[in-house]
Number of protein chains: 2
Amino acid sequence: MRIGIDLGGTNIAGGVLNDSGELLCAKSIPTDAQRPYSEVIHDMGLLAVELAQMAGTSIDSVESVGVGSPGTPHKETGNILYSNNLGWENVPLVQELGRYIPVPIRLDNDANCAALGEYAAGAAKGCRSAVMVTFGTGVGGGIVLDGKIHSGFNSAGGEIGHMVIVSGGVRCTCGRKGCWESYASATALIRMGNDAADRNPRSLLASMRQRDRLNGRLIFDAAQKGDAAANQVIKGYIWYMAEGITNLVNIFQPEAIVLGGGICAQGDYIVNPIREYVAQGVFCKQVALPRMVTATLGNDAGIIGAALL
Amino acid sequence: MRIGIDLGGTNIAGGVLNDSGELLCAKSIPTDAQRPYSEVIHDMGLLAVELAQMAGTSIDSVESVGVGSPGTPHKETGNILYSNNLGWENVPLVQELGRYIPVPIRLDNDANCAALGEYAAGAAKGCRSAVMVTFGTGVGGGIVLDGKIHSGFNSAGGEIGHMVIVSGGVRCTCGRKGCWESYASATALIRMGNDAADRNPRSLLASMRQRDRLNGRLIFDAAQKGDAAANQVIKGYIWYMAEGITNLVNIFQPEAIVLGGGICAQGDYIVNPIREYVAQGVFCKQVALPRMVTATLGNDAGIIGAALL
């Protein structure tokens, strides 16, 4: 049995995987990230001990504990170099957690863990290689090749959201201009929706905005109700999603591209046009294309992937 | 001993590698690509036989023959699916070449072979992972991770020149708009140089163009002589080179980025500003950056890489 812990800015979610890769039990506790890091890590340790008990074993009998963390973990030292979400810098996570957990502790980025989870047990199961893209507040990614996460010689790779696709375009939080994240994240969709509502004050989109703050789903709803302004926003947004995905196909040609994040609840409504754009835009038109699938494990992906580190 | 053959649109270059990875001998013959493909492959066969003799052995005693081919080879069938340079479509290269060569024949893309050569014996020797970018007529690439070429499940990956960096920009030969190749190839540099000469008829660049057709070196020469128009072109061109390289660093964080192609003869004059842009633009600023080096093997890279397939 292996334990996986998905450390998030809001919650710490953990679960136990049996040797067949099934999730036996899971539990989530609040992170309360403004506390000193030692308290957060203390709670992670207790959670792991409790999870082992829930699965009918003890913490010293599990094979390993894997942690998926936001930000940039350094796999070799076991430190979190930097996490904006947690407000952590150079936190010795594996060392501290080792005070509570007497088995090997492994560490990777949360997006990489989610990709590994979908690869091993979710949407890309059975594929030899997969790139997962998560369209959320940002655009995150994970690259899994032959069963192994690729994150480069310094653990900092896989930042596919920070591939510039509009050189000189919208300023990204990372400092560059025109990153994919600035055009294909939910944040970007809302920005584009607000711009369109400003330009089209009589649109359904604008009237919806008078009742609620715009969010991604509202914009999709307005488009599906036939609002021209919203439709144009969604068309442009899907274009940008597809622009980055086509880049990834040309670079990796993975067996599967897994689309994750809240926006992917739209399913075929976004996947079908993306598939079409990729087929038209891909460099080599003589070969089969990667499978284009939406994530199936939801929040469990991160737990399962962490357990499999 | 292993033989490597670099099949080009103009020449077929081959060489013999000993077990220490040293190039014992090499020979080049014209491709004469407008002939039927069977004649070209016949000459490749004879070249391999001759190379074995030159190295003091016979063709049935070499371990393997590797071929680096332009276009899209299908590694499993041994066919060239498509090559624009050779005018080939669905050519059974390995099968035909097998009529002359009684040892295993391996096949990959020429850019991938060059990357493998630089990885094993050139600029990235000793690194665990490398991405090579060749700035020539187009922008080619090769990705080597843990000693293996990554070209995806369908052999068509590694097309890093067809990563859009200027969405909606200049039309690329592949059909998309704004590919890196359309901004960072020698062809793009010459286009930008001609545009600048048009706009600045009194510049050194414009007067150089009256004597010769512009090429990449002339533009660099004019810039180094202080011509403002040429300087602006080179500054913009290096920016676009760096934009794509920063993307690749964020995605792969390879231990080395190898810069190849004629333009890299400019050495530090281009590598230093690229290094600076990457350091400023990279997503994760808390970790070491990849080594940024120029290719050292020249045309031998493709032969050596092919031999090592």
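This is a predicted model: local features need pLDDT of at least 70, side-chain atom pairs count only at pLDDT 80 or more; totals for chains, interfaces and linings use all residues.
Next comes the meeting of the two chains. Here 47 residues of chain A are in contact with 47 residues of chain B. Putting the chains together buries about 3800 Å², and carbon and sulfur atoms give 58% of that area. On the chain A side, the residues that lose the most area to chain B are A:Phe153, A:Ile251 and A:Phe283, which together make up 18% of what that side buries.

Three elements of chain A, namely strand S6 (79-83), strand S10 (139-145) and helix H8 (228-252), each bring at least two residues to the side that touches chain B. Of these, H8(A) gives the largest share of that side, with 8 residues. Sorted by class, the side of chain A that touches chain B comes out at 23 nonpolar, 16 polar and 8 charged residues.

Salt bridges cross the interface too, and 4 of them are found between chain A and chain B. One joins B:Arg176 to A:Glu243, with 3.1 Å between the closest N and O atoms. A salt bridge also brings together the side chains of A:Asp146 and B:Lys148, at 3.8 Å from N to O. This pair runs between chains, with A:Asp146 in the loop between S10 and strand S11 (148-149) of chain A, and B:Lys148 in strand S11 (residues 148-149) of chain B. The two partners fall into separate accessibility classes: A:Asp146 counts as partly exposed at 42% relative accessibility, while B:Lys148 is exposed, with a relative accessible area of 52%.

Over all chains, the search of the whole structure turns up 20 salt bridges. In chain A, the side chains of A:Arg2 and A:Glu63 form one, at 3.3 Å from N to O. A:Arg2 belongs to strand S1 (residues 2-7) of chain A and A:Glu63 to the loop between helix H1 (37-54) and strand S4 (64-69) of chain A, so this pair ties together parts that lie 61 residues apart in sequence. A:Glu63 is partly exposed, its relative accessible area being 45%.

Another salt bridge of chain A pairs A:Asp198 with A:Arg209, and here the closest N and O atoms are 2.8 Å apart. The pair links distant parts of the chain, 11 residues apart: A:Asp198 sits in helix H5 (residues 186-199) of chain A and A:Arg209 in helix H6 (residues 204-211) of chain A. With a relative accessible area of 27%, A:Arg209 is partly exposed. Finally, salt bridges link A:Asp32, A:Arg35 and A:Asp43 into a network.

How values were computed:
Residues are numbered from 1 along each chain as its sequence is written. Chains are lettered from A and ligands numbered from 1 in the order in which they are written. Side-chain values use heavy atoms; hydrogens and water are left out. Contact means heavy atoms within 4.5 Å. Buried area is the accessible area (1.4 Å probe) that two parts lose on being put together, summed over both. Helices (H or I, at least four residues) and strands (E, at least two) are DSSP runs, numbered from the N terminus. Ala, Val, Leu, Ile, Met, Phe, Trp, Tyr, Cys and Pro count as nonpolar, Asp, Glu, Lys and Arg as charged, and the others, Gly among them, as polar. Buried means under 20% relative accessible area, exposed over 50%, partly exposed in between (1.4 Å probe, protein chains only).
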